[in-house]
Amino acid sequence: MKTIRAIFITLLTLSFVQIIQARAAVHSKIECHTPRMKKSFVIFNNKVAFLEETETGRMVASAKSLRTKRKGSGFTKVLNYWGERHEIHVGDTNKFSELNDYLTIRTNKGHEITYPLTCYQR
(Lines give C-alpha, C1' and ligand atoms only; values in the text may rest on other atoms or scores of the structure.)
Protein backbone atom coordinates (compact mmCIF):
# COMPACT_ATOMS: atom_id res chain seq x y z
CA MET A 1 0.00 0.00 0.00
CA LYS A 2 2.84 2.40 0.86
CA THR A 3 4.51 1.68 -2.50
CA ILE A 4 1.34 2.50 -4.44
CA ARG A 5 0.91 5.69 -2.43
CA ALA A 6 4.54 6.71 -3.07
CA ILE A 7 4.16 6.07 -6.82
CA PHE A 8 0.93 8.08 -6.89
CA ILE A 9 2.52 11.03 -5.07
CA THR A 10 5.57 10.89 -7.36
CA LEU A 11 3.39 10.90 -10.50
CA LEU A 12 1.26 13.72 -9.15
CA THR A 13 4.35 15.78 -8.34
CA LEU A 14 5.89 15.18 -11.78
CA SER A 15 2.62 16.14 -13.48
CA PHE A 16 2.43 19.35 -11.45
CA VAL A 17 6.05 20.26 -12.34
CA GLN A 18 5.39 19.63 -16.06
CA ILE A 19 2.28 21.84 -15.98
CA ILE A 20 4.25 24.68 -14.36
CA GLN A 21 7.09 24.32 -16.89
CA ALA A 22 4.65 24.23 -19.83
CA ARG A 23 2.88 27.38 -18.66
CA ALA A 24 6.21 29.19 -18.20
CA ALA A 25 7.45 28.09 -21.63
CA VAL A 26 4.30 29.23 -23.45
CA HIS A 27 4.55 32.79 -22.14
CA SER A 28 8.25 33.26 -22.83
CA LYS A 29 9.43 34.46 -26.21
CA ILE A 30 13.05 34.94 -27.14
CA GLU A 31 14.01 37.23 -30.00
CA CYS A 32 17.41 36.73 -31.60
CA HIS A 33 19.31 38.28 -34.47
CA THR A 34 22.74 38.08 -36.01
CA PRO A 35 25.04 41.07 -35.48
CA ARG A 36 24.18 42.76 -38.78
CA MET A 37 20.46 41.88 -38.53
CA LYS A 38 20.70 39.68 -41.63
CA LYS A 39 18.89 36.89 -39.79
CA SER A 40 16.25 37.66 -37.19
CA PHE A 41 13.67 35.41 -35.54
CA VAL A 42 11.46 34.86 -32.52
CA ILE A 43 11.61 31.55 -30.65
CA PHE A 44 8.41 30.26 -29.10
CA ASN A 45 7.99 26.99 -27.20
CA ASN A 46 7.04 24.90 -30.25
CA LYS A 47 7.83 27.09 -33.27
CA VAL A 48 10.24 29.66 -34.67
CA ALA A 49 9.05 32.74 -36.58
CA PHE A 50 11.66 34.21 -38.94
CA LEU A 51 11.51 37.95 -39.58
CA GLU A 52 12.58 38.58 -43.17
CA GLU A 53 13.45 42.07 -44.39
CA THR A 54 11.73 42.93 -47.69
CA GLU A 55 11.39 46.10 -49.74
CA THR A 56 7.99 46.77 -48.21
CA GLY A 57 9.02 46.01 -44.62
CA ARG A 58 9.24 42.90 -42.47
CA MET A 59 7.66 39.61 -43.45
CA VAL A 60 7.04 36.81 -40.94
CA ALA A 61 7.60 33.19 -41.95
CA SER A 62 6.94 30.46 -39.44
CA ALA A 63 8.54 27.04 -39.15
CA LYS A 64 6.66 24.59 -36.97
CA SER A 65 8.34 21.23 -37.56
CA LEU A 66 11.36 21.37 -35.31
CA ARG A 67 13.19 19.29 -32.75
CA THR A 68 14.16 20.69 -29.39
CA LYS A 69 16.90 19.37 -27.14
CA ARG A 70 17.08 20.92 -23.68
CA LYS A 71 20.16 21.01 -21.47
CA GLY A 72 19.93 22.81 -18.14
CA SER A 73 18.47 26.24 -18.79
CA GLY A 74 19.56 26.20 -22.45
CA PHE A 75 18.31 24.51 -25.59
CA THR A 76 19.06 23.62 -29.19
CA LYS A 77 16.34 23.75 -31.86
CA VAL A 78 16.88 22.05 -35.21
CA LEU A 79 14.59 22.79 -38.17
CA ASN A 80 14.51 23.02 -41.93
CA TYR A 81 13.81 26.46 -43.39
CA TRP A 82 13.94 27.21 -47.11
CA GLY A 83 15.56 23.84 -47.75
CA GLU A 84 18.44 24.47 -45.35
CA ARG A 85 19.08 22.92 -41.95
CA HIS A 86 19.02 25.57 -39.22
CA GLU A 87 20.34 24.85 -35.73
CA ILE A 88 19.58 27.49 -33.11
CA HIS A 89 21.56 27.08 -29.89
CA VAL A 90 20.98 29.16 -26.76
CA GLY A 91 23.37 28.16 -23.99
CA ASP A 92 21.54 29.74 -21.05
CA THR A 93 18.16 31.51 -21.18
CA ASN A 94 18.94 33.27 -17.90
CA LYS A 95 22.12 34.86 -19.27
CA PHE A 96 22.32 35.39 -23.03
CA SER A 97 25.79 35.56 -24.55
CA GLU A 98 27.09 36.00 -28.09
CA LEU A 99 29.79 33.47 -27.19
CA ASN A 100 27.32 30.73 -26.22
CA ASP A 101 24.34 31.53 -28.47
CA TYR A 102 24.60 30.84 -32.20
CA LEU A 103 22.79 29.94 -35.41
CA THR A 104 24.30 27.34 -37.74
CA ILE A 105 22.94 27.00 -41.28
CA ARG A 106 23.85 24.01 -43.45
CA THR A 107 22.92 23.90 -47.14
CA ASN A 108 21.98 20.73 -49.03
CA LYS A 109 25.48 20.75 -50.54
CA GLY A 110 27.03 20.57 -47.06
CA HIS A 111 28.24 24.17 -46.78
CA GLU A 112 27.91 25.42 -43.23
CA ILE A 113 28.07 28.89 -41.69
CA THR A 114 27.73 29.84 -38.03
CA TYR A 115 26.48 33.24 -36.84
CA PRO A 116 26.76 34.50 -33.26
CA LEU A 117 23.37 35.56 -31.89
CA THR A 118 22.23 38.53 -29.87
CA CYS A 119 19.15 37.36 -27.93
CA TYR A 120 16.79 38.87 -25.40
CA GLN A 121 13.55 37.98 -23.65
CA ARG A 122 10.40 39.57 -25.11
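1. Where does tryptophan 82 lie? In this predicted model, tryptophan 82 belongs to the loop that joins strand 6 (74–81) to strand 7. The residue is exposed, its relative accessible area being 69%. Its phi angle is near 55°, which is a positive value in a residue other than glycine.

2. Asparagine 94 is found in another loop, the one between strand 7 (84–90) and strand 8 (102–106). With a relative accessible area of 67%, asparagine 94 is exposed, because the cut-off for that class is over 50%.

3. The structure contains 3 salt bridges. One of them pairs arginine 122 with glutamate 31, with 3.3 Å between the closest N and O atoms. This pair connects distant parts of the chain, 91 residues apart: glutamate 31 is in strand 1 (residues 30–33), and arginine 122 is in the segment after strand 10 (118–121). Arginine 122 is exposed at 53% relative accessible area, whereas glutamate 31 is buried at 9%.

4. A salt bridge also joins the side chains of arginine 85 and glutamate 87, at an N to O distance of 3.4 Å. Arginine 85 is partly exposed, with a relative accessible area of 25%. Glutamate 87, at 18%, counts as buried because the limit for that class is under 20%.

5. Glutamate 112 and arginine 106 form a further salt bridge, their closest N and O atoms being 2.9 Å apart. Glutamate 112 is partly exposed at 47% relative accessible area, and arginine 106 is partly exposed at 33%.

Notes
Residues are numbered from 1 along each chain as its sequence is written. This is a predicted model: local features need pLDDT of at least 70, side-chain atom pairs count only at pLDDT 80 or more; totals for chains, interfaces and linings use all residues. Side-chain values use heavy atoms; hydrogens and water are left out. Helices (H or I, at least four residues) and strands (E, at least two) are DSSP runs, numbered from the N terminus. Buried means under 20% relative accessible area, exposed over 50%, partly exposed in between (1.4 Å probe, protein chains only). A salt bridge is a side-chain nitrogen of Lys or Arg within 4 Å of a carboxyl oxygen of Asp or Glu.
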